[in-house]
Amino acid sequence: MAAVCQVTGTTPGFGYSVSHSHRRTKRRFDPNVQKKTYFVPSLGRKVTLNVSTRGIKVIDARGIESVVKDLLAKGVKL
């Protein structure tokens, strides 16, 4: 599963792991992406989204109807 949130668009960040001796190796900071299923009354069915924990908070605040409407306007296939 790709580490990209469908709601917020959050993608992985990149940086370095720094050891005690200060050697640096590349690393990747993945967002906390969860697969969540929501029932959308306007569509009359369940929709599965890959959302970060911040995306879940956005859905709780704005409502699933509003979020799904925005996703469909962007052209995301649900």
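Predicted model: local features only at pLDDT ≥ 70, side-chain atom pairs only at ≥ 80, totals over all residues.
Analyst: A charge sits over a ring if NZ of Lys or CZ of Arg is within 6 Å of the ring centre and within 35 degrees of the ring normal.

User: What makes R27 count as lying over the face of F29?

Analyst: R27 is at 3.8 Å from the ring centre of F29.

User: Why is K77 called exposed?

Analyst: Its relative accessibility is 77%. Exposed means over 50% (buried is under 20%, partly exposed in between, 1.4 Å probe, protein chains only), so K77 qualifies. K77 is found in the segment after α2. Its C-alpha atom is 23 Å from that of A61, 16 residues apart along the chain.

User: How do you know that the buried residues of α1 lie on the same side?

Analyst: G55, I56 and I59 are buried in α1. They cover an arc of only 105° around the axis (directions from axis to C-beta atoms), which puts them on the same side. The face turned away carries the exposed residues R54, K57, D60 and A61. Cover for the buried residues of α1 includes β3, β4 and α2. After α1 comes G63, with a positive phi near 100°.

User: What makes β3 and β4 a pair?

Analyst: Pairing takes at least two DSSP bridges. β3 and β4 have eight, in the antiparallel sense. K36 stands opposite L49 in β4. The two strands form a hairpin with four residues between them, and G44 in the turn has a positive phi of about 75°.

User: Which residues touch the most other members of the largest nonpolar core?

Analyst: V7, Y38, L49, V51, I59 and I64, out of 13 residues. Core members are buried Ala, Val, Leu, Ile, Met, Phe, Trp, Tyr or Cys, joined through side-chain atoms within 4.5 Å. β3 (33-40), β4 (45-52), α1 (53-62) and α2 (64-74) each supply at least two residues. α2 gives the most, with four.

User: Which residues does Y38 touch?

Analyst: Contact means heavy atoms within 4.5 Å. Leaving out residues up to four places away in sequence, Y38 touches R45, K46, V47, L49, I56, I59 and I64.

Key:
Residues numbered from 1 in each chain as written. Heavy atoms only, no water.
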